[in-house]
Amino acid sequence: MFWDSYNETMDRASLEEHQVELLHKTVETAAHSAYYSELFKKERITPDSIKTMDDLRRIPFVTKDTLREEYPYGFLATSKENIVRLHSSSGTTGRPTVIFHTMNDINEWTGLLARCMYMVGVRPKDVFQNMMGYGLFTGGIGFHYGAERLGTLVIPAGPGNTTRQIMLMKEFETTVIHIIPSYALYFIKTLEEMNIDPNRDLHIKIGFLGAEPHSEATRRRIEKGLGIDAYNSYGLSEMCGPGVAFECQEKQGMHVWEDSYILEVIDPETMEPVKDGEEGELVFTALKREGMPILRYRTRDLAVVYPEPCACGRTHRRISRIKGRADDMIILKGVNMYPIQIEKTLMAISEVGSNFQIILDRKDDNDHMIIKVEVSNDVFQGDLKQLQRLRERIAKNLNSEILVTPEIELVEPNSLPRSEGKAVRVIDNRDQWGN
Ligand code: AMP
Ligand code: ZN
C-alpha cells in the first residue's frame, strides 16, 4: 500500500537526519530572497550554522502578516522566469497572500498528493471526480495533478451544480471523490431528495474531506450517507496546499509528510514547544521548496500530535483533527468555545439537517447566541410538540459541550446561506454594539 515505501517508512533517526540535510539546503535557497537575506544577516544565520533540528529554533516565525508585509515578491528566492504558478490562500481572514511555485515545486507537491491517494487505496483504474474549487485556491488543482500522476481518470467537476455532479458520477462510474465536508452534507441531502441511493445507484467508494474543520460525527454522516470510506486531508496554501497531512486507512489521525515538512507544535501564547499529546498551534517548515521557501510558518491551526508509531507502518508522526484556527475561538459570556464543538454536537443528532449557522449578538447588555439549525422537511412540518422537544434536546446537548445554553431556532431545509467554498459558520454582530 505504499506509493514511496522508502520515504514513507524511513526509520525515525534517518528521517530526522534527512530533515536536517534538507533544512540546510532550504536555508541556503531562502537566503536568495529579499526577506531572508536581510533577516539572516540580522540574526547572523548562515546555512552552515544550521546543523541540528535545535538550530531551527534560531529562525524567527513567519505569520500571515509577515507574508502580507512582504507581498508580493519579498519571499521569492529565484528569478521570476523560473516561476510557473501562483496560488493564493482563500482569504477567510483578511487580505489574501500569494505563493509562487517553480516546476520542481509543483512536481514535489504533486508527488505528495499521489502518495496520499495511493495510501488509501486509489489506483489507476479508479475514476476521480474532483468536487473541490479550482482556481487560485489550492484544493482543486492540487488534487487534480496528484490524481493524474497516480494515473486515474480525473473529472474536474469543481464544486456545486449538484445535478450535473450526479450525472457525471453515474455516466462515468466515479469511484473516488474530493469534496468539502459542508458541501458533502448538502450533496447527501440532495441525493435523498432525488431518491438516489448511493449504494444502489452510484459507484463511489472513497472520499477525501478537507479544507475546513469537521468532526468525527460529520465524517460518519458522510460515510453513511454516501456509502464510502472518507479520509481527512489537511493542508494550507502557504505550505503548497493539500498534501501536508493525510489520514491513512487506520483513520487514527493524519500523517504529516515529514520528509517534506518539519512540524513543530507550540503554545500560541508563549510560543514555546508543547509536550507531545498536548494541544498547540501547528508550525511548518517547507523542506523542498525552491520558489518561495517559508520557514517556521505559524498556521494558527490547533491540533495534537500523536507520536506513537502507526499500525500502517508509516513512520511519519500523526496529528489529530484540526480543532479550528486560534482566530475561530468564540468567547461568549466569558466562556471559550470553538465552532467545531457545536458542529460535532449537532451532527450527532439524526434529526438535524445538513446546515447550521451561529449568530452572536447582544441582548439586554449580555452576550447572546442563536443557533439556526436546518431540519428535514418531515420534522419541520411535523408535530409542534416534537419540534419543541427537539429544540430542547439540542440546547441540552450543546450545553454539556459548550457550557452555555444557546437559543435554538429550527429552520427549513435549504433556508440558510451556503457557500461553494469553506462554510461561513459564525456571524458575530456584537462589534456593532461597541464591544
Ligand atoms: P487555504 O490556504 O485557503 O487553503 O486554507 C488553509 C486552512 O484551511 C488551514 O490553515 C486550515 O485552517 C483549514 N483546513 C484545511 N484543511 C483542513 C482540514 N482537513 N481540517 C480542518 N481545517 C482545515
Ligand atoms: Zn498510518
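Tutor: Let us begin with accessibility: a residue is buried under 20% relative accessible area, exposed over 50% and partly exposed in between, with a 1.4 Å probe and protein chains only. The model is predicted, so local features need pLDDT of at least 70 and side-chain atom pairs count only at pLDDT 80 or more, while totals for chains, interfaces and linings use all residues. Residues are numbered from 1 along each chain as its sequence is written, chains are lettered from A and ligands numbered from 1 in the order in which they are written, and side-chain values use heavy atoms, without hydrogens and water.

Student: Why is glutamate 173 called partly exposed?

Tutor: The relative accessible area of glutamate 173 is 44%, so this residue is partly exposed. Glutamate 173 is found in the loop between α7 (162-172) and β5 (176-179); helices (H or I, at least four residues) and strands (E, at least two) are DSSP runs numbered from the N terminus. Although glutamate 173 is not a glycine, its phi is positive, about 50°. Most residues other than glycine have a negative phi.

Student: What makes leucine 403 count as exposed?

Tutor: Leucine 403 has 62% relative accessibility and therefore counts as exposed. Its place is in the loop between α13 (384-402) and β20 (407-411). Leucine 403 also has a positive phi, near 70°, and is a residue other than glycine.

Student: How do you know which residues are the protein donors of the zinc ion (ligand 2)?

Tutor: Donors are N, O and S atoms within 2.8 Å of the metal (3.2 Å for Na, K and Ca); water is not among the atoms, so sites may look incomplete. Cys248 (SG), His255 (NE2), Cys310 (SG) and Cys312 (SG) lie 2.1 to 2.3 Å from the zinc ion (ligand 2), and these are its protein donors. Cysteine 248, in the loop between β8 (241-247) and β9 (254-256), and cysteine 310, in the loop between β13 (305-306) and β14 (318-319), are 62 residues apart, and the pair links distant parts of the chain. Cysteine 248 has 1% relative accessibility and therefore counts as buried; cysteine 310, at 10%, also counts as buried.

Student: What makes the site of the zinc ion (ligand 2) tetrahedral?

Tutor: Four donors count as tetrahedral if all angles lie between 85 and 135 degrees. The angles among the 4 donor atoms of the zinc ion (ligand 2) are 101 to 116°, and the site is tetrahedral.

Student: Why is the pair of tyrosine 36 and phenylalanine 75 called edge-to-face?

Tutor: Rings of Phe, Tyr and Trp (its six-membered ring) pair if their centres lie within 6.5 Å; planes under 30 degrees apart count as stacked, over 60 as edge-to-face and the rest as tilted. The structure holds 15 aromatic pairs. In this one, the ring centres of tyrosine 36 and phenylalanine 75 are 5.4 Å apart and the planes are at 85°, so the pair is edge-to-face. Tyrosine 36 lies in helix α3 (residues 34-43) and phenylalanine 75 in the loop between α4 (64-69) and β1 (83-88), so the pair ties together parts 39 residues apart in sequence. Tyrosine 36 is buried, at 0%, and phenylalanine 75 is buried, at 2%. Both belong to one aromatic cluster, formed by Tyr35, Tyr36, Phe40 and Phe75.

Student: How do you know that arginine 115 lies over the face of tryptophan 257?

Tutor: A charge sits over a ring if NZ of Lys or CZ of Arg is within 6 Å of the ring centre and within 35 degrees of the ring normal. Arginine 115 is at 4.6 Å from the ring centre of tryptophan 257 and lies over its face. Arginine 298 lies over the face of phenylalanine 61, at 5.9 Å from the ring centre.

Student: Why does asparagine 7 count as buried?

Tutor: Asparagine 7 has 14% relative accessibility and therefore counts as buried. This residue is found in helix α1 (residues 5-8). Leaving out residues up to four places away in sequence, asparagine 7 touches His18, Arg115, Asp259 and His316, where contact means heavy atoms within 4.5 Å.

Student: Why is helix α11 (residues 339-347) described as largely enclosed by the rest of the structure?

Tutor: Of the 9 residues of helix α11, 8 are buried, so the helix is largely enclosed. Among the buried residues of α11 are Ile340, Glu343 and Met347.

Key
Tetrahedral: all angles 85-135°; square planar, octahedral: opposite > 155°, others 65-115°.
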